Amino acid sequence: MTETTEVILAEERESFPLLTRLFSRTKWAKIYSRKMMEAGLPIRGEEFLIFLLFTIVGLASIVAILLKHFAGFLIGGFVGFALPNWALQWRINRRKMLLENQLADALTIISAGLSAGYSFLQSARLAADQLPPPISEELDRVVRLSSLGMPVEQALQIMAERVQSYDYDITVSAILVQLRRGGNLSRILSTVADTIRQRIELRGEIAASTAQARFSGWILMGLPFAVATLVFIINPTWMRLLLDTELGRKMILTGLVMQAMGMLWIRKLLQVEL
């Protein structure tokens with residue numbers, strides 16, 4: 001089978017081959033491909049861009065028809081762009097949190113395996129067999145890449161780049177130093193595991209202390225939209241002045257900008273780096 005034939009068959013398997021080729025040449029395809037890896041989704045960046053295009057156009061058209069105004073097209077397009085990206089970021093954050101919470105247990109198992117006389121890869125395989133996803137998938141990928149001839153150091157660095165976590169960065173750095181220079185890797189991993197557990201415990205205490213402030217922030221962010229929806233139901237003619245007049249549209253835009261600035265400010269105040 002020639003290379004041209006393989007390309008043709010690959011394009012035939014695509015639902016939208018023209019859009020796939022078009023998006024695959026953009027930098028956004030690379031950005032979203034990395035996001036797909038971080039989220040653990042088995043799709044490519046250009047495929048997500050196609051899905052994003054359809055959601056933007058679809059929601060923009062629906063909202064514009066319902067509101068019978070051009071502003072509905074802009075609102076629907078923004079929602080169609082924001083919702084998939086928000087869901088993707090939520091999945092990335094959720095998977096990252098699971099990986100960080102499982103890392104200490106994985107290091108404990110690997111440390112015990114090294115103390116029992118296993119090699120690092122054998123200990124990593126042992127941890128992958130005993131722990132649930134997603135960390136079992138990451139460790140299994142490291143073992144498979146190493147078995148295919150890739151150096152362990154490179155496989156670990158790829159895992160750290162894929163996870164994008166400070167805990168994984170310091171863990172991989174500690175492992176690489178010990179593998180290259182020698183030393184008691186079991187003791188190092190045990191110490192790193194204890195440190196990570198303390199960080200997780202501290203994060204929980206901070207989250208509990210800021211829970212009320214975060215809840216108040218969400219209430220403040222959602223209150224204007226709730227009031228606007230209620231007034232629109234009670235007196236839609238009065239609310240249409242905001243959409244049908246130039247001053248009203250400027251007031252809506254100003255309110256949205258101020259809401260976004262307030263949300264970012266509250267998030268910055270409650271953000272604590274560990």
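Modeller: A cavity is a set of grid points where a 1.4 Å probe fits but cannot get out, and its lining residues have an atom within 4 Å of a point. The model here is predicted.

Biologist: Which residues line the second largest cavity?

Modeller: Its lining consists of Glu38, Ile92, Arg95, Lys96, Leu99, Arg162 and Val163. The space inside comes to about 30 Å³.

Biologist: Which helix gives the largest share of that lining?

Modeller: Helix α5 does, with four residues. Both α5 and α8 supply at least two residues each. By class, this second lining has three nonpolar, no polar and four charged residues.

Biologist: What is the idea behind using a probe?

Modeller: Rolling a probe the size of a water molecule over the atoms shows where empty space remains. In this model, the count is two cavities of 30 Å³ or more.

Biologist: What volume does the largest cavity have?

Modeller: About 110 Å³. Its lining is made up of 14 residues, and those nearest the centre are Leu107, Ile110, Leu139, Met159 and Ile175.

Biologist: How many residues of each class are in the lining of the largest cavity?

Modeller: There are 13 nonpolar residues and one polar residue, with no charged ones.

Biologist: Which helices supply at least two residues each to the lining of the largest cavity?

Modeller: Helices α5, α6 (120-130), α7 (135-147), α8 (152-163) and α9 (166-181). The largest share is four residues, from α5.

Biologist: Helix α5 keeps coming up. How do I read its length against the expected span?

Modeller: Compare the distance between its end C-alphas with the span expected at 1.5 Å a residue. Helix α5 covers residues 70-115, 46 residues in total, and reaches 68 Å, close to the 68 Å expected.

Biologist: Where is the kink in α5 centred?

Modeller: On Leu103, with a bend of about 35°. Just after α5, Gly117 has a positive phi of about 105°.

Biologist: Is Ser111 buried or exposed?

Modeller: The test is relative accessible area, and buried means under 20%. Ser111 has a relative accessible area of 8%, so this residue is buried. Ser111 belongs to helix α5.

Biologist: What does the side chain of Ser111 reach?

Modeller: The backbone oxygen of Ser186, at 2.8 Å. A polar contact is a pair of N or O atoms within 3.5 Å, where one must be able to donate a hydrogen and the other to accept it.

Technical notes: Residues are numbered from 1 along each chain as its sequence is written. This is a predicted model: local features need pLDDT of at least 70, side-chain atom pairs count only at pLDDT 80 or more; totals for chains, interfaces and linings use all residues. Side-chain values use heavy atoms; hydrogens and water are left out. The expected span of a helix is 1.5 Å times one less than its number of residues. The bend at a residue is the angle between axes fitted to the seven residues ending there and the seven starting there. On a 1 Å grid over the protein atoms alone, a cavity is a set of points where a 1.4 Å probe fits but cannot get out, and a pocket is an open set with protein on both sides within 12 Å along at least five of seven lines; lining residues have an atom within 4 Å of a point. Grid points are joined across faces, edges and corners, and a volume is the space filled by probe spheres set on the points. Ala, Val, Leu, Ile, Met, Phe, Trp, Tyr, Cys and Pro count as nonpolar, Asp, Glu, Lys and Arg as charged, and the others, Gly among them, as polar. Buried means under 20% relative accessible area, exposed over 50%, partly exposed in between (1.4 Å probe, protein chains only).
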